[in-house]
Amino acid sequence: MPERPASMRDVARRAGVSLSTVSRVLRSAPGVTPEGREHVQRCADELSCVVSRNACGLVTGRTGRVAAVVRSLEPWFFGPALSGVGEVLQRSGLDMLVYQVGVHEWARSLPLARNSDAVITMSLDLSEKECLL
């Protein structure tokens, strides 16, 4: 049976600190001394514990994701454009979700509000009403 990934609780146990201290360190939030931050981070690294964006989102209300909406992935333009957007987002510590849509009624069916903090539309002919959705 495969071993489960290390949790924040495991890191807290190893570091001898509270769960909220581990959370602050892994989210780079204030409120932890530099020495404490280094100790907790070292314990997290030893356990190969990584931050879960979904778990952080429950605390911060942010997903750390930006949705890119494109009509099609076929034309030559979208691959390089998405690559450039992805590089910039990655340097900012954000993930990118790509949604390919083929019709104007796309806004009602996409889970954008709960899955992303922002939306980028690329080469879509949006009506004024669609822009307000």
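**A chat about the helices**

Mentor: Let's start where Met8, Arg9, Val11 and Ala12 in α1 meet Leu19, Val22, Ser23 and Leu26 in α2; contact here means heavy atoms within 4.5 Å. Helices (H or I, at least four residues) and strands (E, at least two) are DSSP runs, numbered from the N terminus.

Trainee: At what angle do α1 and α2 pack?
Mentor: The angle is about 110 degrees, and the axes of α1 and α2 are 9 Å apart. Axes are lines fitted to C-alpha atoms, for helices over the stretch in contact, and angles run from 0 to 180 degrees between N-to-C directions. α1 and α2 are therefore roughly perpendicular to each other; angles under 35 degrees count as roughly parallel, over 145 as roughly antiparallel, 65 to 115 as roughly perpendicular and the rest as oblique.

Trainee: Before I go on, what kind of model is this?
Mentor: It is a predicted model, where local features need pLDDT of at least 70, side-chain atom pairs count only at pLDDT 80 or more, and totals for chains, interfaces and linings use all residues. Residues are numbered from 1 along each chain as its sequence is written, and side-chain values use heavy atoms, with hydrogens and water left out.

Trainee: And what is the mean pLDDT?
Mentor: The chain has a mean pLDDT of 83, with 80% of its residues at 70 or more; pLDDT is the predictor's confidence in each residue, from 0 to 100. Confidence is highest in helix α3 (residues 34-46), at a mean of 96, and lowest in helix α6 (residues 106-109), at 61. Where pLDDT is low, the predicted coordinates should not be read in detail.

Trainee: Back to α1, then. Which of its residues are buried?
Mentor: Asp10, Val11, Ala12 and Ala15 are the buried residues of α1. Buried means under 20% relative accessible area, exposed over 50%, partly exposed in between (1.4 Å probe, protein chains only). The cover over those α1 residues includes α2 and α3.

Trainee: How about α2, which residues are buried there?
Mentor: In helix α2 (residues 19-26) they are Thr21, Val22, Ser23, Val25 and Leu26. α1 (8-15) and α3 are among what covers them.

Trainee: How do α1 and α3 pack?
Mentor: They pack at an angle of about 125 degrees, with axes 9 Å apart. α1 and α3 are therefore oblique to each other. Val11, Arg14 and Ala15 of α1 make the contact with His39, Val40, Cys43, Ala44 and Glu46 of α3.

Trainee: I spot a cysteine there. How many disulfides are there?
Mentor: A search of the whole structure finds 0 disulfides, a disulfide being a pair of cysteine sulfur atoms within 2.5 Å.

Trainee: Is Cys43 buried or exposed?
Mentor: Cys43 counts as buried because its relative accessibility is 5%. Cys49 is buried too, at 8%.

Trainee: New topic: where is Pro30?
Mentor: Pro30 lies in the loop between α2 and α3. With a relative accessible area of 70%, Pro30 is exposed. Leaving aside its neighbours within four places in sequence, Pro30 is in contact with Arg24 and Arg37.

Trainee: Which residue takes a positive phi just after α1?
Mentor: That is Gly16, at about 70 degrees. Just after α2, Ser28 has a positive phi of about 60 degrees.

Trainee: Last one: how many helices and strands does the chain have?
Mentor: The chain has 8 helices and 3 strands. Of its 133 residues, 30% are buried.
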